[in-house]
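Dear colleague,

Please find below the structure that I am handing over to you. My notes on what was found in it follow directly after.

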Amino acid sequence: MYGALKGKSDINPQWRYEALTAALGPCGCGWRFEIADTKTQSVSTGETMVFVLVNLYIKHGDEWSAPIPGWGGDYLVKKDKNGIHGNDEAFKMATTDALGTAAKMIGLAADVYRGLIGNGASDSKYARRGYAAETSQNAAGARSTRNAYPSKGSANDDLRSKAMHALSKEMQRVGASGEEVSALCGVKFGKTNSRDLSTGELSKLAANLEAWIAEQMGGGK
């Protein structure tokens with residue numbers, strides 16, 4: 001119902017609101033949302049992340065739906081080459097992210113999340129992420145074939161590649177977005193994103209991904 005992006009491959013927040021309004025009616029009448037919870041989490045880089053839980057409601061006939069939850073996150077305190085900076089739009093950006101996660105549950109922008117739009121040359125961040133992961137995995141496989149007797153270092157690289165691959169497959173299976181995984185990295189490990197995790201942490205994240213997402217959606221600590 002909401003899958004057609006009409007040429008859009010990155011999801012513009014304003015387009016998202018317009019698509020919800022076109023399908024369901026004006027905000028407050030056909031759809032509405034509330035901020036159910038907010039959290040902040042310091043990470044090992046010295047930065048601080050903020051997470052927002054949004055409950056989306058859509059109207060069916062004369063009745064409102066049950067709450068459709070979605071977590072979103074952004075940096076409240078961000079580090080770059082010029083130092084540490086506060087972000088006065090962090091809560092707004094996290095709320096926008098959370099609303100997009102909730103809207104995904106009713107099929108909004110499904111073509112992007114399913115990877116049906118774009119390829120390696122696309123400007124879609126979702127397509128680029130999948131293409132980069134596939135390229136990395138293919139390269140790891142080629143190295144493994146060339147090295148019949150891998151060194152200790154390459155063996156460790158192979159284990160990490162397998163852990164990343166397992167996480168990628170689990171994300172696809174449960175329909176988890178990159179934003180949701182980054183949020184879990186902050187909450188569970190105090191890390192910015194999955195690239196900062198150790199091999200063991202990657203494996204733990206893959207093994208618990210579905211349960212942890214359900215826990216966060218339910219507002220669990």
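**Notes on the structure**

Strands β2 and β3 form a hairpin with two residues between them, and Gly61 in the turn has a positive phi of about 70 degrees. Helices (H or I, at least four residues) and strands (E, at least two) are DSSP runs, numbered from the N terminus. Two strands pair if DSSP finds at least two bridges between them.

This is a predicted model, in which local features need pLDDT of at least 70 and side-chain atom pairs count only at pLDDT 80 or more, while totals for chains, interfaces and linings use all residues. Residues are numbered from 1 along each chain as its sequence is written, and side-chain values use heavy atoms, with hydrogens and water left out.

**The chain as a whole**

The protein chain has seven helices and five strands. Read from the N terminus, its elements follow the order α-β-β-β-β-β-α-α-α-α-α-α. The chain has 221 residues, and 37% of them count as buried. Here buried means under 20% relative accessible area, exposed means over 50%, and partly exposed lies in between (1.4 Å probe, protein chains only). Among the contacts with a separation of 6 or more, 59% are accounted for by residues 24 or more positions apart; a contact means heavy atoms within 4.5 Å.

**Strand β2 and its partners**

Strand β2 covers residues 48–60 and is mostly covered, with 11 of its 13 residues buried. Strand β1 (residues 31–42) runs antiparallel to β2 and is joined to it by 11 bridges. Within this pairing, Ile35 has Val54 in β2 as its bridge partner, and Thr40 stands opposite Val50 in β2. The hairpin of β1 and β2 has five residues between the strands, and Gly46 takes a positive phi near 95 degrees there.

Strand β4 (residues 68–80) also pairs with β2 in the antiparallel sense, over nine bridges. Val50 stands opposite Asp74 in β4. With strand β3 (residues 63–64), β2 forms two bridges, again in the antiparallel sense, and the bridge partner of Lys59 in β3 is Trp64.

**Glu47 in the loop**

Which loop holds Glu47? Glu47 lies in the loop between β1 and β2. Glu47 counts as buried because its relative accessibility is 6%. The side chain of Glu47 makes a polar contact with the side chain of Thr45 at 2.5 Å, and the side chain of Glu47 also reaches the backbone nitrogen of Lys79 at 2.9 Å. A polar contact is a pair of N or O atoms within 3.5 Å; within protein, one must be able to donate a hydrogen and the other to accept it, and residues adjacent in sequence count only if both atoms are side-chain atoms. Leaving aside neighbours within four places in sequence, the residues in contact with Glu47 include Tyr75, Val77 and Thr192.

Helix α6 (residues 178–189) has 12 residues and reaches 16 Å from its first C-alpha to its last, close to the 16 Å expected at 1.5 Å a residue. That expected span is 1.5 Å times one less than the number of residues. Among the buried residues of α6 are Val181, Leu184 and Phe189. Just after α6, Gly190 takes a positive phi of about 65 degrees.

Asp196 is found in the loop between α6 and α7 (199–217). Asp196 is partly exposed, as its relative accessible area is 38%. Not counting residues up to four places away in sequence, Asp196 touches Lys191 and Glu201.

**Salt bridges**

How many salt bridges does the structure hold? The structure holds five salt bridges, each being a side-chain nitrogen of Lys or Arg within 4 Å of a carboxyl oxygen of Asp or Glu. In one of them, Arg173 is bonded in this sense to Glu170, the closest N and O atoms being 2.7 Å apart. Arg173 and Glu170 are separated by about one helical turn because they are three residues apart in helix α5 (residues 152–174). Arg173 counts as exposed at 52% relative accessibility, whereas Glu170 is buried at 16% relative accessible area.

Glu210 also forms a salt bridge with Arg173, with the closest N and O atoms 2.6 Å apart. This pair links distant parts of the chain, since Glu210 is in helix α7 and Arg173 is in helix α5, 37 residues apart. Salt bridges that share partners join Glu170, Arg173 and Glu210 into one network.

A colleague
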